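This report walks through selected parts of one model. Keep the sequence and the 3D view open while reading.

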Amino acid sequence: MNRSRKSGWVALTIVLIFLGGWEAAVRIFEVPVYILPSPSRTFETLAANPEMYLQASALTLGESLAGLLIGVLAGGLLAVLLTLLPGLEGGVMTLAILMKSTPLVAIAPLLTIWLGFGVVPKIVITALMTFFPVLVNVLSGLQHVEPALTDLFHSWNASRWEVLRHLRLPTALPFLFAALKISAPLALIGAVVAEWTGASGGLGRTMWLAYTNLNLPYLFAAIFILAAGGMSLFRLLGWLERKIVFWLPDSRES
Amino acid sequence: MCKNFCLLVIIVFALVACSPAAVTPVATEPVSTPMAEPTAVEPSPTAAVVEPSPAPVELLPMTFMAGYKPQANLPFVGVYVAKAKGFFEEEGLDVTVEHSAGQGQHLQLLSAGTIQVTNQDAAVLLQRRADPGLPLVAIALLGQKGQQAYAALKSSGIESPKDWEGHTVGYKGTPPPDLFALISAAGADKDKIELVNVGFDPRLLTEGKVDVYPVFKSNEPYMIRSWGYDLNLWAAEDFGVPSLGLTYVTSEEILETQPELLTRFLRGALRGIQYASEHPDEAIEITLTYTGPETDPAHMRFMLDAELKDAQSNLTAEKGWGWQTQEQWQALADMLKAEGLPVEDDISSAFTTQILEAARDK
């Protein structure tokens with residue numbers, strides 16, 4: 001507890017030094033606001049439009065979490081399926097990599113044609129973005145059980161299901177958290193990218209409007225919110241990991 | 001019950017009057033589901049007559065997608081104002097306004113029938129019709145002049161396109177045909193000019209990364225001047241190069257199956273434009289309800305004023321907002337062809353005055 005509080009202070013200090021240096025540089029070199037706004041100007045913009053940014057953030061966060069949930073469930077379930085039916089792995093992974101390699105910006109209008117102008121296409125894009133890291137990580141987690149333990153389970157005459165339930169899934173949990181730490185910040189980006197390609201609300205739309213007006217304080221205010229959101233999600237996952245995967249030593253405590 | 005029936009009779013009558021083949025009661029179905037068989041549509045002098053609905057009746061839903069983010073482009077303002085002032089409602093329409101991110105998806109959605117009307121630059125419309133063959137038809141030509149111009153900082157000493165030689169000239173995406181036409185019309189040598197892709201970022205001009213920057217006349221000049229720079233501007237039409245601006249555009253299928261819907265839309269939107277020209281302050285206030293707080297009202301006013309100016313010509317003085325002729329479109333097509341771009345041989349299906357006439361002959 002003491003240690004994590006200390007590391008929190010260290011992190012805060014580093015962030016403050018970074019922001020201070022940025023502020024000083026903008027003032028000393030008199031950088032015009034349409035090139036790079038100062039952090040103070042950015043925070044002022046945030047403070048002047050709390051309602052707008054709150055609404056936009058809530059929408060984007062909602063889309064991100066919904067997409068993340070779907071992506072994680074789909075990736076996790078598919079990984080389990082491929083472990084139970086290893087013959088399918090080659091085909092399914094090819095398809096997954098194909099999907100992963102598709103620039104989602106290019107297919108966003110197609111999703112609008114099929115799913116309308118609302119939040120559904122944004123959630124689908126976020127799910128598509130977050131699903132792959134989960135699939136790959138969880139699959140390798142499920143497959144990387146110690147052979148000695150597999151042999152032991154076989155000697156007990158354990159069924160394929162029992163091996164999965166009591167051996168493979170617990171082994172895969174740390175892998176799932178590793179994947180989540182990648183996918184959660186990615187989910188925020190996914191929702192923003194989806195909104196950037198056409199939306200009637202959300203941080204992505206705010207950023208797109210601000211950029212096309214070259215109103216950079218508004219743009220950076222949204223970036224600050226996203227950075228804070230990504231960091232909070234990451235820390236929340238770290239905390240959950242320590243609670244759920246309690247049998248593994250925490251890298252920070254050791 | 002009787003009210004609905006009467007409305008249906010009126011609408012069916014109107015459809016019969018303006019397009020003999022389209023007798024299916026399209027109005028009672030979702031508008032994106034065309035019911036009638038595609039047939040050749042002939043411009044009909046006996047235009048449809050639909051009384052503005054006095055009692056609250058079911059409005060016909062449709063979607064207009066603005067071709068870019070919310071701002072004071074004239075086609076957008078016409079729709080914003082018509083919606084806010086109830087002009088569409090008087091026409092019996094419930095118009096939903098969507099905005100495209102500006103990467104062509106509004107044309108895709110129009111071709112797919114998801115939306116009924118959008119707006120598009122005339123030169124791009126001609127090119128997309130030829131390749132990949134999108135079924136686009138301009139129902140009104142608002143921009144009687146093109147939207148583009150080229151800007152240099154006054155302090156750069158670049159006084160004419162001839163001076164561009166030895167300098168860098170930016171373009172957005174692909175070099176537009178009017179750029180080459182302008183260069184040769186001004187007597188400059190394009191081989192002595194270095195072209196660079198700059199995307200949307202006028203800061204590249206003020207930071208000296210590029211000497212001549214492509215602008216939309218109604219947009220970036222305001223921004224750059226507000227940063228304290230003076231500009232020299234050159235537009236294709238100043239050098240006798242034909243150029244046209246934004247159109248209201250629909251698809252061939254919607255034009256065939258729902259001309260009445262388009263007529264009502266255009267009547268409302270042109271009324272919105274007329275209102276905006278008479279009450280620009282109020283039009284900007286309405287526009288700002290779409291744009292959000294990151295938009296500068298003075299910038300929007302500059303945009304509206306500039307586009308209202310370019311929407312007026314001898315032709316529109318005689319015939320009204322949005323009028324268009326074969327002559328205008330042919331001149332533009334000839335210029336594009338001369339620059340080696342794909343354009344259909346017969347461009348007469350790329351635009352129609354059928355809806356303009358019907359909207360006017362109320």
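## Two crossing helices

In this predicted model, helix α5(B) passes helix α14(B) in a right-handed crossing. Helix α5 covers residues 122-130 of chain B and helix α14 covers residues 326-338 of chain B; their axes come within 10 Å and cross at roughly 65 degrees.

On the α5(B) side, the contact is made by B:Ala122, B:Ala123, B:Leu126 and B:Gln127. These residues meet B:Leu332, B:Ala333 and B:Leu336 of α14(B). By type, the residues of this contact between α5(B) and α14(B) are six nonpolar and one polar, with no charged residue.

## The five-stranded sheet

Chain B has an open sheet of five strands in the order β2-β1-β3-β10-β4, and the pairing is mixed. Strands β2 and β4 (136-141) of chain B stand at the edges with a single partner strand each, so one side of each has no neighbour in the sheet. On average, neighbouring strands of this sheet are turned by 35 degrees against each other, direction ignored.

Strand β10 (residues 246-251) of chain B runs antiparallel to strand β3 (residues 117-121) of chain B, and four bridges join them. In this pair, B:Asn119 is opposite B:Tyr248 of β10(B). Strand β10(B) is also joined to β4(B) by five bridges, and these two strands run antiparallel. Here B:Leu136 is opposite B:Ser251 of β10(B).

Helix α2(B) is mostly covered, with ten of its eleven residues buried. Among them are B:Leu74, B:Phe76, B:Tyr80 and B:Lys83. Just after this helix α2(B), B:Gly86 has a positive phi of about 80 degrees.

## The three-stranded sheet

A further open sheet in chain B has three strands in the order β8-β5-β9, with antiparallel pairing. Strands β8 (213-216) and β9 (231-234) of chain B are at the edges; each has a single partner strand, so one side of each is left without a neighbour in the sheet. From one strand to the next, the twist averages 40 degrees.

Four bridges pair strand β5 (residues 148-153) of chain B with β8(B) in the antiparallel sense. Within this pair, B:Ala149 is opposite B:Val215 of β8(B).

## Where chain B meets chain A

How many residues of chain B are in contact with chain A? The count is 18 residues of chain B, in contact with 20 residues of chain A. On the chain B side, β2 (93-99) and α4 (105-111) each supply at least two residues. The largest share, three residues, comes from α4(B). By type, the side of chain B that touches chain A has seven nonpolar, seven polar and four charged residues.

Definitions and conventions. Residues numbered from 1 in each chain as written. Chains lettered and ligands numbered in written order. Predicted model: local features only at pLDDT ≥ 70, side-chain atom pairs only at ≥ 80, totals over all residues. Axes fitted to C-alpha atoms, helices over the stretch in contact; angles between N-to-C directions. Left-handed = near helix turned anticlockwise from the far one by under 90°. Contact = placed C-beta atoms within 7 Å. Nonpolar A, V, L, I, M, F, W, Y, C, P; charged D, E, K, R; others polar. Pairing = 2+ DSSP bridges. Buried ≥ 20, exposed ≤ 12 C-beta atoms within 10 Å, placed from the backbone.
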